[in-house]
Amino acid sequence: MASLLHFSFIPSSSSSSSCSSSSLFSAFHSRSPVSSPARIRTGVRCNVMEPLKFMNGKPTLLNGEAALPSVLSSRVQLENVISKNDTRLRIFSGTANPALSQEIACYMGLELGKIKIKRFADGEIYVQLQESVRGCDVYLVQPTCPPANENLMELLIMIDACRRASAKNITAVIPYFGYARADRKTQGRESIAAKLVANLITEAGANRVLACDLHSGQSMGYFDIPVDHVYGQPVILDYLASKTICSDDLVVVSPDVGGVARARAFAKKLSDAPLAIVDKRRHGHNVAEVMNLIGDVKGKVAVMVDDMIDTAGTIAKGAALLHQEGAREVYACTTHAVFSPPAIERLSNGLFQEVIITNTIPVSEQNYFPQLTVLSVANLLGETIWRVHDDCSGGFEPYSTLGID
């Protein structure tokens, strides 16, 4: 099985560097459990019964235990069967990204829970669980990607359905957290929508949130419940380490001043590559103007790092400036591919050698272009879910904050 699930649409001759990749591999030598074949328990399996006997990490009753009164023997046998066949862990998928949910379930050796989601003629959303979740640890996978309002409302109703069905713990797995950009007041009389959405999720009944690459770490503080914040960067770093790019030719570029901490952490993992910063002035939402470049990119392979690409205005103008300053190649790396128009036109116009994204947001078929590479974060999220469920720490190297917060 491949270490990373990705769809590459770039020709095999895309890499123009002749330098050995050994130095880049040394920068990311400790392979993440996401990509380690030994870590994927006996491969990807979607069978419920057999893998759960040994994958859940919970002890079962053994035949050698002390004999119990006969009046309890039948009950013990029943509990023995339940402990083997029921993990008390359920994963349900919303309609926003069912493909990612299925990949997560397959990695964990589980089947997705049965759930009925439909919309009435007036747009109202109806949710009904098709199986019991009483006393279970429930994980609801639903990114609040476009259409953000519908997907958010669907998530809230799913949480409410689980709460009313007596689920023990409800974790909202939000690969992409919408409204995260409205996390502060930059002007008077603005709303902080990120806090509002956090309150809605909490009041709906969620006990925990698992989010991937929040726009800013401060958004975790808006929740009054625990938040597990994982980063998609290890998946992208693992992919870059497999390419034949000499570490001496690399320079990591932040497309704006606000992303310097993220780019610095990324550069540290790439052989401590040098850092460059694009200085821009934003005149309005989704409108950016590049003004200056801080750093040297002449003759270098520039890797632009951001948490999301929306209209691609910032990153496209930054790439144009990098080429003007003498960059040999420009790569764009981002976790969330929102791809609002005219993002596809800007990304496919030849400025980028490759655009590397993850599947936290589903990419429609018409939005594919030759330079696009999609990596899967299913193993990353699946492993995190296992660790949360088993009360293990998630703070080891690949899932840590990478020094960003």
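A cavity, on a 1 Å grid over the protein atoms alone, is a set of points where a 1.4 Å probe fits but cannot get out, and its lining residues have an atom within 4 Å of a point. Keep that in mind for later in this tour.

The structure above is a predicted model, in which local features need pLDDT of at least 70 and side-chain atom pairs count only at pLDDT 80 or more, while totals for chains, interfaces and linings use all residues. Residues are numbered from 1 along each chain as its sequence is written, and side-chain values use heavy atoms, with hydrogens and water left out.

**The whole protein**

Let's start with the overall picture. The protein has eleven helices and 15 strands; these are DSSP runs numbered from the N terminus, with helices (H or I) of at least four residues and strands (E) of at least two. Of its 405 residues, 52% are buried, where buried means under 20% relative accessible area with a 1.4 Å probe, counting protein chains only. Taking contacts (heavy atoms within 4.5 Å) between residues at least 6 apart in sequence, 69% join residues at least 24 apart.

**Strands under cover**

Now for a closer look at some strands. Strand E9 is largely enclosed by the rest of the structure, because five of its five residues (250–254) are buried. In a regular strand, side chains alternate between the two faces of the sheet. On E9, Leu250, Val252 and Ser254 lie on one side and Val251 and Val253 on the other, and all are buried. Strand E8 (residues 227–230) is also covered on both faces, with Val227 and His229 buried on one side and Asp228 and Val230 buried on the other.

Two strands pair if DSSP finds at least two bridges between them. Here are two such pairs:

| Strand pair | Bridges and direction | A bridged residue pair |
|---|---|---|
| E9 and E12 (residues 301–309) | four, parallel | Val252 and Val303 |
| E7 (residues 208–212) and E8 | four, parallel | Val209 and Val227 |

**The largest cavity**

How many cavities of 30 Å³ or more does a search of the whole structure find? There are two, and the largest holds about 50 Å³ of space, a volume being the space filled by probe spheres set on grid points that are joined across faces, edges and corners. Its lining includes Asp213, Gln233, Arg262, Val305 and Cys333. Helix H7 (233–241), helix H8 (260–269), E12 and strand E13 (329–337) each give two or more residues to this lining.

Note on methods. Buried means under 20% relative accessible area, exposed over 50%, partly exposed in between (1.4 Å probe, protein chains only). On a 1 Å grid over the protein atoms alone, a cavity is a set of points where a 1.4 Å probe fits but cannot get out, and a pocket is an open set with protein on both sides within 12 Å along at least five of seven lines; lining residues have an atom within 4 Å of a point.
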